[in-house]
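Let's take a walk through this one together.

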Amino acid sequence: MADDKLDVDAMLARFRDRAQAVRERPLPPVAGPERQRFIEQAQLDFQDFAIVGDATWTFVDGVLTLTVDLNPTQE
């Protein structure tokens, strides 16, 4: 796939959108262990989508590299 056909910024924006959608997803009417599994999966989904969505990227010689800074931010 050539770099002129791949819109990486749009792809990363979709991951950010997915992370937000997971965060806003309502809990289904379940209780007990099923509810806990749903919550745990939502947390993992959010984490995965947010990590990719925050990546910076380079495309060199046909190789797309996503860089993710996992250092805690200083506020």
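How many bridges join strand β1 to strand β2? Five of them do, linking β1 (residues 56–60) to β2 (residues 63–67), and the two strands run antiparallel. Strands here are DSSP runs of E with at least two residues, helices are runs of H or I with at least four, and both are numbered from the N terminus. Two strands pair if DSSP finds at least two bridges between them.

A word on what you're looking at. This is a predicted model, where local features need pLDDT of at least 70 and side-chain atom pairs count only at pLDDT 80 or more, while totals for chains, interfaces and linings use all residues. Residues are numbered from 1 along each chain as its sequence is written, and side-chain values use heavy atoms, with hydrogens and water left out.

Stay with the hairpin for a moment. Two residues sit between its strands, and D61 takes a positive phi near 50° there. What makes that worth a look? Most residues other than glycine have a negative phi. D61 lies in the loop between β1 and β2, and D61 is exposed, with a relative accessible area of 76%. For the labels: buried means under 20% relative accessible area, exposed means over 50%, and partly exposed is in between, using a 1.4 Å probe and protein chains only.

Now zoom out. The protein has two helices and two strands, and from the N terminus on the order is α-α-β-β. In the loop between α1 (8–24) and α2 you'll find P28. P28 is partly exposed, at a relative accessible area of 26%. Leaving aside residues up to four places away in sequence, P28 touches R35 and F38; a contact means heavy atoms within 4.5 Å. P28 and F38 are ten residues apart in sequence, with their C-alpha atoms 8.5 Å apart in space.

Further on, Q47 has its place in helix α2 (residues 32–53). Q47 is partly exposed as well, with a relative accessible area of 41%. Between Q47 and V22 there are 25 positions in sequence, and 9.6 Å from C-alpha to C-alpha.

What about the overall shape? The C-alpha trace spans about 50 × 30 × 15 Å along its principal axes. The radius of gyration is 16 Å, whereas a compact globule of 75 residues would come out near 11 Å. That radius is taken over C-alpha atoms, and the globule rule is 2.2 Å times the number of residues to the power 0.38. Of the 75 residues, 13% count as buried. Even so, among contacts with a separation of 6 or more, residues 24 or more positions apart account for 48%.
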